[in-house]
Amino acid sequence: METAMLNSSLPQGSLGLADSRSGEHFFTAVAKTLDVAVIVLMLLVPTWVRAEAWPVRYTLALLAAITVFQVIAGILNLYRPWRGESISRQFFRVITVWVATIFLLLLLAYLLKETAGFSRLALTTWFVATPPLMIGWRMLARMALTRWFESSSSTRNVLVWGTGDIASELVRTLQDARNAGLHLVDHVEPTQDREAPAPRQAGEAATDKLAQPELLELQARRGDFSILYIVLGDGLKKHAAIDVIERLSDTTVSVYLVPDYFSTHLFHGRWSNLGGIPLVSVFDTPFWGADGWLKRIEDLALGSAILVLAALPMALIAAAVKLTSRGPILFRQRRYGIDGNEITVFKFRTMTVTEDGPNIRQAQRGDARFTPIGEFLRKYSLDELPQFINVIRGDMSIVGPRPHAVAHNEFYRSKVRGYMLRHKVKPGITGWAQINGWRGETDGLYKMQKRIEYDLWYIRNWSFWLDIRIILLTAVLGFAGPNAY
């Protein structure tokens with residue numbers, strides 16, 4: 001018997017693909033080999049068709065492309081198991097990795113002044129044709145695997161044992177994963193009765209009596225299922241799960257323990273290990289290691305570019321603030337940054353007051369404290385432009401949960417569950433909550449609750465391209481809106 005902990009991200013998990021680690025490594029090696037072959041062929045073919053020379057720089061370019069592609073593919077988890085992952089998500093990841101590879105190659109060629117030594121037609125063909133071929137072989141592979149999985153010889157029967165929301169979600173996921181070689185034969189709810197009922201007769205309908213450890217063992221021995229998912233929720237006692245695991249240890253059934261992350265905080269969790277000991281993070285940041293560096297590079301590159309482009313408008317706004325009202329040009333306010341540490345956030349002053357004490361009244365529509373141009377600046381978020389200085393300094397990120405004044409933090413942290421979890425990442429100038437309409441005054445507790453809900457979703461689902469999407473949507477929708485005042 002094989003026992004494992006199923007990843008809590010059920011919709012995107014492998015749902016049993018890891019039964020054979022050697023098989024997973026084999027398919028990963030094949031996928032990497034095919035991608036490398038596509039990269040090589042798509043530069044060889046156009047040069048061969050045009051009978052062009054093959055200088056050494058082309059070989060170096062191929063080696064650089066393969067290396068960069070594999071590094072980025074590792075960072076973005078391109079070669080994760082396919083089972084349970086949508087086609088569109090997989091294809092989008094392929095294009096993302098290739099576009100990032102091309103960008104870095106062009107930057108390297110520009111810095112080395114080697115761009116003139118390559119055929120534009122060959123490079124264009126290479127750049128454009130490579131991703132469709134990578135997507136093409138994946139489509140064919142998925143079609144072949146689907147046909148293979150649909151055959152009775154390769155489909156594995158699955159039984160789910162447990163109750164609650166997570167068990168229901170797991171059942172729905174398995175029903176949607178039929179073309180992935182998994183067939184749900186039963187969903188059984190554990191009973192409190194310690195006596196084992198009589199075994200069911202052939203053709204008898206499944207009932208909750210099948211939850212008894214003795215019957216699960218009997219079904220496993222006669223081959224009714226080859227995978228068992230045990231949902232560790234309120235309806236399942238620890239001793240019952242241990243009993244089942246011990247009984248099935250003398251069978252060939254693969255057993256997976258599924259944490260009920262709805263009744264705990266494991267919904268935010270990620271699996272890892274420490275010295276071979278499996279761990280699940282209950283609360284954590286997504287920006288460890290390579291992802292943290294990618295996020296910082298994104299902030300520095302985009303933040304610097306935006307500051308350069310906004311230099312003249314910022315100078316004009318600064319002059320207008322100074323000429324239309326008394327007081328400093330920049331408003332400095334203490335807010336919470338990453339890990340709950342205080343930072344000083346810069347904004348163009350839009351009010352006649354500069355409150356930063358224990359009691360701060362939020363801005364309201366038509367607020368009498370606005371300066372002559374203050375309401376205009378706030379409506380189009382122009383007062384936020386100096387925060388790109390915070391981004392360059394490392395206090396903030398371009399995208400992330402919006403920072404709140406310290407006084408507001410202290411007020412809401414005791415009223416909104418999970419409020420301080422938004423401080424596991426750097427605060428941002430814009431964020432997922434803002435582009436979804438949860439910005440501005442929080443005159444009702446539910447508004448702050450919805451903002452926190454969207455902030456935590458962003459933290460759990462962060463990706464580089466999610467940041468780009470938020471930035472683009474902010475440019476189109478986020479600079480103005482009914483809640484911007």
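Q: Is L111 buried or exposed in this predicted model?
A: Buried denotes under 20% relative accessible area, exposed over 50%, and partly exposed the range in between, with a 1.4 Å probe and protein chains only. L111 lies in helix α3 (residues 87–111), helices being DSSP runs of H or I with at least four residues and strands runs of E with at least two, numbered from the N terminus. Because its relative accessibility is 57%, L111 counts as exposed.

Q: Where is R402 placed, and is R402 buried or exposed?
A: The model is predicted: local features need pLDDT of at least 70 and side-chain atom pairs pLDDT 80 or more, while totals for chains, interfaces and linings use all residues. Residues are numbered from 1 along each chain as its sequence is written, and side-chain values use heavy atoms, without hydrogens and water. R402 sits in the loop between β10 (397–399) and α12 (406–412). Since its relative accessibility is 9%, R402 counts as buried.

Q: Which residues does R402 touch, not counting residues up to four places away in sequence?
A: Contact requires heavy atoms within 4.5 Å. By this criterion, R402 touches R335, E384, Q387, M396, R422, G428, I429, T430 and Q434.

Q: Against which elements do the buried residues of α6 pack?
A: Helix α6 spans residues 213–221, and its buried residues are P213, L215, L216, E217, Q219 and A220. These buried residues pack against β2 (156–161) and α7 (238–248).

Q: Which residue just after α6 takes a positive phi, and of about how many degrees?
A: The position follows directly on helix α6. The residue is G223, with a phi of about 85 degrees.
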